[in-house]
Number of protein chains: 2
Amino acid sequence: MALIVQKYGGTSMGSVERIEHVAHKVASWRQQGHQVIVVVSAMSGETDRLLKLAKSIDPRGSKREFDQIAATGEQVTIGLLALALGKLGVQARSYTGWQVPIRTDDAHMKARIQDIDAQRLRNDCEAGIVPVVAGFQGICADNSVATLGRGGSDTTGVAIAAALKADECQIYTDVDGVYTTDPRVEPKARRLDRITFEEMLELASLGSKVLQIRSVEFAGKYKVPLRVLSTFVEGPGTLITLEDNKMEEPLISGIAFNRDEAQVTMTGVPDRPGIAAAILGPVGDANIEVDMIVQNVGGDGATDFTFTVHRNDYERALEVMRKVADELGAVGVSGATDIVKVSLVGVGMRSHAGIASQMFKSLASAGINIRMISTSEIKISVVIDEMYLELAVRTLHKAFGLEEAAA
Amino acid sequence: MALIVQKYGGTSMGSVERIEHVAHKVASWRQQGHQVIVVVSAMSGETDRLLKLAKSIDPRGSKREFDQIAATGEQVTIGLLALALGKLGVQARSYTGWQVPIRTDDAHMKARIQDIDAQRLRNDCEAGIVPVVAGFQGICADNSVATLGRGGSDTTGVAIAAALKADECQIYTDVDGVYTTDPRVEPKARRLDRITFEEMLELASLGSKVLQIRSVEFAGKYKVPLRVLSTFVEGPGTLITLEDNKMEEPLISGIAFNRDEAQVTMTGVPDRPGIAAAILGPVGDANIEVDMIVQNVGGDGATDFTFTVHRNDYERALEVMRKVADELGAVGVSGATDIVKVSLVGVGMRSHAGIASQMFKSLASAGINIRMISTSEIKISVVIDEMYLELAVRTLHKAFGLEEAAA
């Protein structure tokens with residue numbers, strides 16, 4: 001018998017029929033003798049509807065009131081799921097954030113969980129009752145309702161699992177696990193049975209938007225085994241765990257990519273101390289987020305400086321850079337939006353030299369030119385022309401043996 | 001400067017535009033220097049929508065979960081109104097039932113208020129903040145959300161006014177006050193400036209459905225001056241107060257009527273002790289509510305026994321009565337559905353003889369036959385044929401001088 005926290009997202013709660021489907025899933029885990037705590041999101045689209053209503057009155061109004069309104073979405077679904085479980089003969093009881101209580105700081109609309117009182121949930125589990133808890137919300141010190149921001153229900157699930165020292169936190173979604181890459185780009189992409197928290201963080205931040213990043217960080221910090229699986233298709237999903245030295249680690253876990261970036265380059269920058277700050281300071285002041293940053297070793301007292309930004313910020317970034325180039329006496333500013341970033345991710349590359357050169361060799365043999373390179377301990381990213389995205393992903397997927405094993 | 005509790009119903013909260021209209025009304029009271037606490041209902045139709053959703057899963061499910069779901073309707077409107085007030089520069093803060101807190105018993109879906117902690121509301125008022133409180137809901141001892149049942153927002157308003165010893169509780173609705181009778185039947189009906197709690201109770205229970213009866217009882221018990229007025233039309237409305245000996249009391253305040261009743265008569269009932277209980281017991285056992293009950297003094301050891309029930313219960317009541325008649329050896333059972341009850345209401349009639357005879361004389365002069373009569377201290381009711389309803393109301397309205405005074 002295990003204690004399992006299950007989190008169901010907005011799509012899984014999207015209609016009465018789907019809520020009844022979720023109730024059947026929960027009932028089957030109970031029948032197998034497990035203790036289950038369920039965390040749910042609002043019906044898909046409901047949080048947006050509520051926030052739109054609030055914004056139609058005053059888009060810059062009190063965030064406390066936005067939270068008061070938005071938190072009702074989950075209050076409806078916890079009640080509905082508890083009713084659906086009751087109808088199946090499963091004892092259940094709904095809890096809003098304040099009823100648990102889940103205590104947060106007072107940063108409305110992006111609050112952070114500070115503390116969870118696990119007593120009521122534990123008592124329910126021991127009495128054979130399934131607590132159904134509202135995700136995405138808590139209560140702050142002055143008794144106001146606070147929400148955790150987008151995707152906060154994942155974090156609620158992990159935090160409850162941590163507080164109760166649950167055996168596993170299962171995140172039910174509309175995909176059946178984490179894949180080696182996007183199956184729409186490489187049909188041979190394979191579902192991973194396991195992946196480490198670090199790899200998941202790199203994959204998530206690079207575009208494989210399966211889980212909210214904060215919930216993965218949280219799960220890693222509190223060592224909560226996390227499993228991503230589908231509400232609609234039966235299967236084991238993907239288990240996200242701490243690095244396990246005993247398991248045979250693959251070199252590479254997956255290939256992520258990001259089509260939303262643009263590249264900005266300043267050429268002929270005088271190569272002296274403080275130059276990076278002089279360039280990036282004004283970018284930060286303009287509220288533009290920078291992803292990759294590359295500076296080559298300079299010759300002749302000058303260097304080239306390149307960084308990537310979100311495509312939406314490209315024009316503004318160019319404008320800022322032209323001013324900075326004038327001030328610094330740089331040669332010029334150029335850029336491109338028809339680029340993509342492709343990244344290899346894997347904890348295995350830590351202990352294996354040669355992954356980078358194998359990657360570059362594979363891309364070269366496919367005739368793909370590399371514009372930028374950036375590496376971290378468990379990730380190698382390259383920027384290439386956008387037209388080569390599919391070719392690059394498939395070439396690397398094959399080169400590193402990520403395909404589905406033949407049956 | 002007065003402390004005023006204002007309650008706005010579902011129609012007043014029916015859209016963003018209407019909520020903004022209400023915000024302007026509240027702002028204008030604040031500008032006049034008054035302290036204001038606002039109590040609101042859910043948007044019209046929203047509570048029904050939520051309960052329908054819950055019932056679609058399990059109509060006989062846990063009432064606690066029904067309350068959890070239904071209470072979200074007001075949580076949305078308090079947030080929206082607080083935002084609308086903020087936009088007008090009026091400091092405001094929303095409160096759900098549990099945030100006040102408003103403590104109730106645990107009779108879910110028809111809970112009764114036990115206690116209101118007035119401290120936070122009082123602090124807000126003194127700090128120049130308008131608290132916007134969710135009507136219809138509270139929190140019970142085990143921290144569950146409980147709703148007060150239909151119309152409960154009126155009760156919330158009165159209870160808060162009582163707890164804070166407010167100068168007035170204003171109930172905003174879609175009519176501009178209490179009238180001498182229904183203006184659709186008698187266009188000369190006049191809005192009353194004042195009326196007593198007792199009169200209001202008699203008028204409300206007889207069909208002038210302006211206020212929820214429980215809230216009037218509550219206001220009378222705690223001596224909270226209650227004012228009914230319109231959200232949409234400016235005007236003083238009707239003040240409902242304790243009887244005031246100093247004011248010139250009119251004989252009659254108003255004329256109520258009820259078209260929903262049906263009459264059931266058992267003839268030739270053996271006239272012996274316990275006969276009323278023998279007849280009405282089985283009616284109560286069948287869950288049929290009885291309104292008027294009339295038994296004439298019997299002659300020859302037999303009597304006739306008549307009562308009225310809701311028309312929906314008429315057929316069932318006849319069935320029950322036929323069985324009872326057999327058992328008691330009564331002569332027969334008859335009835336009618338094409339009847340109405342018309343009632344004169346007024347505290348003034350206590351000290352004036354002759355009201356009843358004046359009423360019967362007026363009806364007789366209009367050729368209207370009286371089928372039943374029943375009287376209480378401040379009310380005289382007659383049952384007549386339904387076809388005479390308008391004639392009877394207009395005749396009595398004129399006979400007792402209730403018309404609008406000429407300008």
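Start by selecting A:F136. This residue counts as buried, because it has 28 C-beta neighbours inside 10 Å, and 20 or more is the mark for buried. Keep in mind as you go that the model is predicted.

**Stop 1: the backbone at A:F136**

Stay on A:F136 and show its backbone. Its phi is positive, about 75°, although the residue is not a glycine. Now colour the elements on either side. A:F136 sits in the loop between β6 (130-134) and β7 (137-139) of chain A.

**Stop 2: A:N287**

Next, select A:N287. Here is another residue that is not a glycine but has a positive phi, about 60°. Look for A:N287 in the loop between α9 (275-285) and β15 (290-295) of chain A. Is A:N287 buried or exposed? A:N287 has 8 other C-beta atoms within 10 Å, so it is exposed. The cut-off for exposed is 12 or fewer.

**Stop 3: A:T375**

Move to A:T375. It belongs to strand β19 (residues 370-376) of chain A. With 15 C-beta neighbours inside 10 Å, A:T375 counts as partly exposed. Which residues does A:T375 touch, leaving out those up to four places away in sequence? They are A:A356 and A:I380. A:S343 and A:T375 are 32 residues apart along the chain, and their C-alpha atoms are separated by 9.1 Å.

**Stop 4: a cis peptide bond in each chain**

Select A:V100 and A:P101. The peptide bond that joins them is cis, with omega about -10°. A:P101 is placed in the loop between β3 and β4 (102-104) of chain A. Then jump to chain B and pick B:V100 and B:P101. Their peptide bond is cis too, and omega is near -15°. B:P101 lies in the loop between β3 (92-95) and β4 (102-104) of chain B.

**Stop 5: the open sheet of chain A**

Switch to a cartoon view of chain A. How many strands form the open sheet that starts with β3 in the order? There are 8, and the order is β3-β6-β2-β1-β9-β11-β12-β10. The pairing in this sheet is mixed. Find the edges: β3 (92-95) and β10 (194-196) of chain A each pair on one side only. Turn the view and compare neighbours. Ignoring direction, neighbouring strands are turned by 20° against each other on average.

Now zoom in on one pair. Strand β1 (residues 3-8) and strand β9 (residues 168-173) of chain A run in the parallel sense, paired over 5 bridges. Select A:Q6. Opposite A:Q6 stands A:Q170 in β9(A).

**Stop 6: chain A as a whole**

Chain A has 12 helices and 20 strands. Its C-alpha atoms fill a box of roughly 75 × 60 × 35 Å along the principal axes. Consider the contacts with a separation of 6 or more. In chain A, residues 24 or more positions apart account for 74% of them.

**Stop 7: where the chains meet**

Show both chains. In the interface, 26 residues of chain A are in contact with 26 residues of chain B. Which elements of chain A give two or more residues to the side that touches chain B? They are α2 (46-57), α3 (63-70) and α4 (72-87). Colour α4(A): it supplies the largest share, 11 residues. Then colour this side of chain A by class. You will find 12 nonpolar, 11 polar and 3 charged residues.

**Stop 8: the axis**

Two copies of a chain are related by a rotation about an axis and a shift along it.

Finish by comparing the two faces. Of the interface residues of chain A, 100% are also interface residues in chain B, so the copies meet through the same surface.

Conventions
Residues are numbered from 1 along each chain as its sequence is written. Chains are lettered from A and ligands numbered from 1 in the order in which they are written. This is a predicted model: local features need pLDDT of at least 70, side-chain atom pairs count only at pLDDT 80 or more; totals for chains, interfaces and linings use all residues. Two residues are in contact if their C-beta atoms, placed from the backbone, lie within 7 Å. Helices (H or I, at least four residues) and strands (E, at least two) are DSSP runs, numbered from the N terminus. Ala, Val, Leu, Ile, Met, Phe, Trp, Tyr, Cys and Pro count as nonpolar, Asp, Glu, Lys and Arg as charged, and the others, Gly among them, as polar. Two strands pair if DSSP finds at least two bridges between them. Axes are lines fitted to C-alpha atoms, for helices over the stretch in contact, and angles run from 0 to 180 degrees between N-to-C directions.
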